[in-house]
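Colleague: I'm new to reading protein models. Could we go through one together, step by step?

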Amino acid sequence: MATEASTDPDMFVKAFSDPEAARRYGDGPRRFVPGLEGLHRMTGLLLAERAPAQARVLVLGAGGGLELKAMADAQPGWSFVGVDPAGEMLRQAERTMGTQADRAQLVEGYIDDAPEGPFDAATCLLTLHFLAPAERERTVRQIHRRLKPGAPFVAAHGSFPQGDGERERWLDRYAAFAIASGVEPEQALAARAAVDANVAMLSPERDEAILRAGGFGDVQLFYAAFTWRGWLAYA
Ligand SMILES: C[S@@+](CC[C@H](N)C(=O)[O-])C[C@H]1O[C@@H](n2cnc3c(N)ncnc32)[C@H](O)[C@@H]1O
């Protein structure tokens, strides 16, 4: 079983930097993440509760562009800064956004490379689980620093019980969902093994504590689907 410290931060960026993998990205996440479209819709709705009609939204881990496209479609007045260290994934984001691509400024890099803002809202979807706990907290703090006071932030990523036997049980369910969604069993089991060996998944309680330690308040769980959790919080 993996330990938290086993994560090599560059390993995931390298994986996402493969041009073919980036081109195929659009099809993958919905087979691994139950209710992905609903997650995107809810994310836009939750941000819109507080963000203005002309909001400028920071999207960290924006590669692939799925949430950029969903929010751009739902909110015609919003503009975006999308940040991601994998250039190929940003090129895929441009393709995904199509005619709306000019509404997003895409920055190849990490949170430290993001403009200072201050932004009206922020998201970080399916990304923070790749960061070791200390870097995760630092990144969350840097997102917080770039938001206007009280601005909403949605984070959603892999997060599930880590107690004795629980990790295995939930990883089995992760693979079972992918297989039931049409992923070849061999590929789903390889993904399960890769997550088990390399990804520093935390318990939902620890992830919530990291959001608070990073400066966010009123942390609200709004999404729980097998191994995935999503929270709304305010700067
Ligand atoms: C599974 S994809 C999720 C992309 C998109 N947010 C979505 O929900 O479809 C994870 C993305 O996180 C990016 N990534 C990896 N490490 C990162 C970091 N430290 N900061 C920001 N993005 C990172 C990867 O390059 C990749 O594009």
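Modeller: Gladly! Keep in mind that this is a predicted model.

Colleague: How far apart are the end C-alpha atoms of helix 9, and what span should its 14 residues have?

Modeller: Helix 9 covers residues 185-198. At 1.5 Å a residue, its 14 residues should span 20 Å. The end C-alpha atoms agree with that, as they are 20 Å apart.

Colleague: Which residues in helix 9 are buried?

Modeller: Buried here means under 20% relative accessible area. In helix 9, the buried residues are Ala188, Ala191, Arg192, Val195, Asp196 and Asn198.

Colleague: How are the rings of phenylalanine 16 and tyrosine 25 arranged?

Modeller: The structure holds eight aromatic pairs. For phenylalanine 16 and tyrosine 25, the ring centres are 6.4 Å apart and the planes stand at 70 degrees. Planes over 60 degrees apart count as edge-to-face, so this pair is edge-to-face.

Colleague: Is tyrosine 25 buried or exposed?

Modeller: The cut-off for buried is under 20% relative accessible area. Tyrosine 25 has 19% relative accessibility, so it counts as buried.

Colleague: Where in the chain do tryptophan 170 and phenylalanine 226 lie?

Modeller: These two form an edge-to-face aromatic pair, 6.1 Å centre to centre. The pair links distant parts of the chain, 56 residues apart. Tryptophan 170 is in helix 8, and phenylalanine 226 is in the loop between strand 6 and strand 7.

Colleague: Which residue lies over the face of tryptophan 170?

Modeller: Tryptophan 170 itself is buried, with a relative accessible area of 18%. Over its face, at 4.4 Å from the ring centre, lies arginine 173.

Technical notes
Residues are numbered from 1 along each chain as its sequence is written. This is a predicted model: local features need pLDDT of at least 70, side-chain atom pairs count only at pLDDT 80 or more; totals for chains, interfaces and linings use all residues. Side-chain values use heavy atoms; hydrogens and water are left out. Helices (H or I, at least four residues) and strands (E, at least two) are DSSP runs, numbered from the N terminus. The expected span of a helix is 1.5 Å times one less than its number of residues. Buried means under 20% relative accessible area, exposed over 50%, partly exposed in between (1.4 Å probe, protein chains only). Rings of Phe, Tyr and Trp (its six-membered ring) pair if their centres lie within 6.5 Å; planes under 30 degrees apart count as stacked, over 60 as edge-to-face and the rest as tilted. A charge sits over a ring if NZ of Lys or CZ of Arg is within 6 Å of the ring centre and within 35 degrees of the ring normal.
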